[in-house]
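Q: Can you walk me through this structure? Keep it quick.

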Amino acid sequence: MPSIIIVDDDKALRKNLAFYLRSQGYDVDTAESGEEAVVKIEEKLFDVIVTDCRMAKMSGMELIKIAKKSRPSAEIIVITGYGTIPMAVEAIQSGAAEFLCKPFEFPKLLNAIELVLKKREKLVVESNDKYDRIITKSQKMSDVLDLVAKGAATSVPVHIEGEVGTGKELIARSIHARSDRHGANFVTVVCATNNEQELVAELFGSVNDAGEYVPGAIAMADGGTLFLKDVDSLSQSLQVRLLKFLQDGFMTFGDKYQKVKSDVRLICSSTKSLKRLVASGHFREDLFYSINIMPIYVPPLRNRISDIFPLVNHFLEKYSAKFNKDIKALSPDVLSWMQTYQWPGNVAELENIISRAASLATSEYIDESLIFTLPKDRPISEEAPGFLNLTLKDNQKSLILKALKQNNGNYSRTAQQLGISRTTLWRRMKRFNIEEIHQAEA
């Protein structure tokens, strides 16, 4: 999830802003001075720095200059009770992205944060075909994209490992699209099949009744890229044949063992760890070293929460156009849930949810009624450790109860801390039956 640091010598404002932004799904830290902020900024990479302008000793302007030198990628938002046009100009020129005058409504700061984060989205790899761009702003995926660029500059075999739905084929296609082989074929073979004879023919080709050679995927990918999806599913005999092709550069087929040469760039993917399969004897060690020359691990979506918002925006735009609708956003409740959900199906699951909701939407916004109760319906599994089996209602209810407890039942302070009006607080308490629960606890 995106990380934010709030720098302000006003303890109450600092505390309330931190609580509000955490309730919106952000990772929030605080500092009461510019000096403390500098130490924390050097220790941790923050996506956004929210700083007061007038503070004792080190001012916000000084902090901006120091932060921009040590963390140039961080976005800075200045908040001040003494705002002037010259001050705003100076802040922007020093590197601030936004300038807000106190007092302000918390949602206004939230909008500013979302705006600067949206501007930071990286649309890194673009393909000329029907496949989408790789969209990310997480450091983990930025590291993956660095490997994509390096892989595209060579012709060595690449092995892409990651869970189902993380986008391994998109990574493979991106490598092909950026390589000097982009003008030739990109051929995909799904290795997870129970019919080994069909897979042999699909890979290496076959001989028809007339004795003529029918090209397989290896031959059709000559000069281009062969993508073997789920290579961990290959049988031992097929592993031997694939290894021999990689070593010799040609393959044999038919009863007479005719040879066909093919120049292919091999990219493989797996959902299981090939190292573990080698250790258990289920995957050949020599083949592993032949295809794992450039390994790429694609992290699951639950480990790169900061990618959820840009992916949501991308899929909303995609499916709004597809279904001829004008959908602007998801409700805050849905976005909050998305940051706690474990995403066992990763990006593919996120896209399916947005696609379905967009097809059913009748307004500009998608709320929880269109998302259904997916977390409640899905059982906890070993594939999703730590899965939070919460509905959207549970999530909001928990936040309100926590705020009420912290403020000893004071509704005005609770509403202020949550960044909502007292009326809205009462309405949500009534909706979630919180009033009765709270009175019982009092």
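Q: Start with a helix pair. Which way does α6 cross α7, left-handed or right-handed?
A: α6 passes α7 in a right-handed crossing. A crossing is right-handed if the near helix is turned clockwise from the far one by less than a right angle, and left-handed if anticlockwise. Helices here are DSSP runs of H or I with at least four residues, strands are E runs of at least two, and both are numbered from the N terminus.

Q: Before I go on, what kind of model is this?
A: This is a predicted model, where local features need pLDDT of at least 70, side-chain atom pairs count only at pLDDT 80 or more, and totals for chains, interfaces and linings use all residues. Residues are numbered from 1 along each chain as its sequence is written, and side-chain values use heavy atoms, with hydrogens and water left out.

Q: Back to the pair. What is the angle between α6 and α7?
A: Roughly 40 degrees, and the axes come within 8 Å. α6 covers residues 139–152 and α7 covers 168–178. Axes are lines fitted to C-alpha atoms, for helices over the stretch in contact, and angles run from 0 to 180 degrees between N-to-C directions. Under 35 degrees counts as roughly parallel, over 145 as roughly antiparallel, 65 to 115 as roughly perpendicular, and the rest as oblique.

Q: Which residues in α6 and α7 meet?
A: From α6, M141, V144, V148, A149, G151 and A152. From α7, I171, S174, I175 and R178. By class, the contact of α6 with α7 has seven nonpolar residues, two polar and one charged. Contact means heavy atoms within 4.5 Å. Ala, Val, Leu, Ile, Met, Phe, Trp, Tyr, Cys and Pro count as nonpolar, Asp, Glu, Lys and Arg as charged, and the others, Gly among them, as polar.

Q: And α13 with α15, at what angle do they pack?
A: About 40 degrees, with the axes 9 Å apart. α13 and α15 are therefore oblique to each other. α13 also passes α15 in a right-handed crossing.

Q: What meets what between α13 and α15?
A: I308, L311, V312, F315, L316, K318 and Y319 in α13 meet V347, L350, E351, I354, S355 and A358 in α15. That contact has 10 nonpolar residues, one polar and two charged.

Q: How much of α14 is buried?
A: Seven of the nine residues in α14 (332–340). They are D333, V334, L335, S336, W337, M338 and Q339.

Q: What about W343, buried or exposed?
A: W343 counts as buried because its relative accessibility is 0%. W343 sits in the loop between α14 and α15 (346–360). Its phi is near 50 degrees, a positive value in a residue other than glycine.

Q: And N408, buried or exposed?
A: N408 counts as exposed, at 68% relative accessibility. N408 is in the loop between α18 (392–406) and α19 (411–418). Its phi is positive too, about 55 degrees, although N408 is not a glycine.

Q: Which peptide bond is cis?
A: The one from K102 to P103, with omega near -10 degrees. P103 lies in the loop between β5 (98–101) and α5 (106–120).

Q: Now D9. What does D9 touch?
A: R14, E32, D52, R54, M55 and A56, not counting residues up to four places away in sequence. D9 lies in the loop between β1 (3–7) and α1 (11–23). D9 is partly exposed, with a relative accessible area of 44%.

Q: Last, the whole chain. How many helices and strands?
A: The protein chain has 21 helices and 18 strands. Buried residues make up 49% of its 442 residues. Of contacts with a separation of 6 or more, 68% are between residues 24 or more positions apart.

Key:
Buried means under 20% relative accessible area, exposed over 50%, partly exposed in between (1.4 Å probe, protein chains only).
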